[in-house]
Amino acid sequence: HRLGDFPVKQAFQTFGKRLMVQKDTQYILISSSVRLSKDILAQKLALHFGHFEKIDLGPFDFAASDRFLQRHLEPAVIDAPTRRFLLALTDGHPFYLNVLAQRLREETERQLAGQVTRSMVFAVFKKMLFDADGILNQYFVKRLMRWTDVRSTGSYRQMLLELAGGTNRVKDLAVKIGRSQAECSRQLAFLTEDELIQKNGSLYSFPDQLFRFWVTAVYRHRDMSLLVDAP
């Protein structure tokens, strides 16, 4: 979807012409914006992809996630209950699983251990999620930056905190953040468009459970702290 940002005239049309002459090729399209990419395929590349089969690749299922985690931790082993906890929290997200497995394997090598312990899991999660230079902490901070920096308008920060805390209806959110329901709905539409949250009927929620956990356990406490450099 970033092709549209390049100073090239008719970038998608040019790209589409190249695709048309390679009909027996399978293409893997990677994008951080699923919604925007689907719009591009449906509109700007609609004529080219009209006769192509499109297959969406979502997160790993439970069995694939379990195999991935065990294989990437080798030669160290991890017990089933701990695996189930990690798989539930990461929800099969390949990026989270890969980063987690890498850090846990490094921890076992550092301690010369043959098994992943729960204390290792806690230590790794602290480094990744709670420490300022943690890879997932930095990733989530960047993900929120557009909506929480001093240049943003509205009450997106409060809305995200309330959503993470379990408030998921427009009328309840409007009361919590002190906005009208119309204004609240408009802000929710922007957050949904940015794929930070999702809408199911009249309810809004985080599609990413690990991100929701970080907002609740890390970002909320920093936001409420009176000291900028509080530990």
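Predicted model: local features only at pLDDT ≥ 70, side-chain atom pairs only at ≥ 80, totals over all residues.
Phe206 is buried, and Phe211 is buried as well.

**Aromatic contacts**

A pair of aromatic rings is described by the distance of the centres and the angle of the planes. The ring centres of Phe206 and Phe211 are 5.5 Å apart and their planes stand at 75°; because an angle over 60 degrees counts as edge-to-face, the pair belongs to that class. In total, the structure holds 12 aromatic pairs. Another of them joins Tyr96 and Phe140, again edge-to-face, with 6.0 Å from centre to centre and 70° between the planes. This second pair links distant parts of the chain, since Tyr96 belongs to helix 6 (residues 94–110) and Phe140 to helix 8 (residues 135–148), 44 residues apart. Both Tyr96 and Phe140 are buried.

Which residues form one aromatic cluster? The cluster consists of Phe95, Tyr96, Tyr139, Phe140, Phe206, Phe211, Trp214 and Tyr219. Both pairs described above therefore have their residues in this cluster.

**Overall build**

The protein has 12 helices and two strands. Read from the N terminus, the order of elements is α-α-α-α-α-α-α-α-α-α-α-β-β-α. The C-alpha trace spans about 55 × 50 × 35 Å along its principal axes. Of the 231 residues, 32% count as buried.

Asp208 is found in the loop between strand 2 (203–205) and helix 12 (209–224). With a relative accessible area of 18%, Asp208 counts as buried, because the limit for that class is under 20%. Asp208 and Ile177 are 31 residues apart in sequence, and their C-alpha atoms are 22 Å apart in space.

**Helix 7**

Helix 7 covers residues 118–130, which makes 13 residues. Which residues of helix 7 are buried? They are Met120, Val121, Val124, Phe125, Met128 and Leu129. These residues cover an arc of only 135° around the axis, which means that they lie on the same side of helix 7. An α-helix has 3.6 residues a turn, so residues three or four places apart point the same way.

**Salt bridges**

Side chains of opposite charge can pair when their charged atoms come close. A search of the whole structure finds 12 salt bridges. Three of them are set out below.

| Salt bridge | N to O distance |
|---|---|
| Asp56 and Lys38 | 3.6 Å |
| Arg110 and Glu107 | 2.6 Å |
| Asp131 and Lys126 | 3.0 Å |

The bridge between Asp56 and Lys38 links distant parts of the chain. Asp56 lies in the loop between helix 3 (46–49) and helix 4 (62–73), while Lys38 lies in helix 2 (residues 34–42), and the two are 18 residues apart. Asp56 has a relative accessibility of 60% and counts as exposed, whereas Lys38, with a relative accessible area of 42%, is partly exposed.

Arg110 and Glu107, by contrast, both lie in helix 6, three residues apart, about one turn of the helix. Are these two residues buried or exposed? Arg110 is exposed, with a relative accessible area of 57%, but Glu107 has a relative accessibility of 7% and counts as buried.

In the bridge between Asp131 and Lys126, each residue is partly exposed: Asp131 has a relative accessibility of 22%, and Lys126 has one of 46%. Elsewhere, Arg35, Asp39 and Glu193 are linked in a network of salt bridges.

**A nonpolar surface patch**

Leu3, Phe6 and Val8 form a nonpolar patch on the surface. Together these residues have about 270 Å² of accessible area. Where does Leu3 lie? Leu3 is in the segment before helix 1 (11–20). The relative accessible area of Leu3 is 32%, so this residue is classed as partly exposed.

Methods:
Residues numbered from 1 in each chain as written. Heavy atoms only, no water. Helix = DSSP H or I, 4+ residues; strand = E, 2+ residues; numbered from the N terminus. Expected span 1.5 Å × (residues − 1). Buried < 20%, exposed > 50% of the residue type's maximum accessible area, 1.4 Å probe, protein only. Arc of directions from axis to C-beta. Patch = residues over 30% accessible without salt bridge, like charges linked within 9 Å, V, L, I, M, F, W, Y side chains within 5 Å. Areas by Shrake-Rupley, 256 points an atom, 1.4 Å probe, with all protein chains shown as cover. Salt bridge = Lys/Arg side-chain N within 4 Å of Asp/Glu carboxyl O. Phe/Tyr/Trp six-rings, centres within 6.5 Å; stacked < 30°, edge-to-face > 60°.
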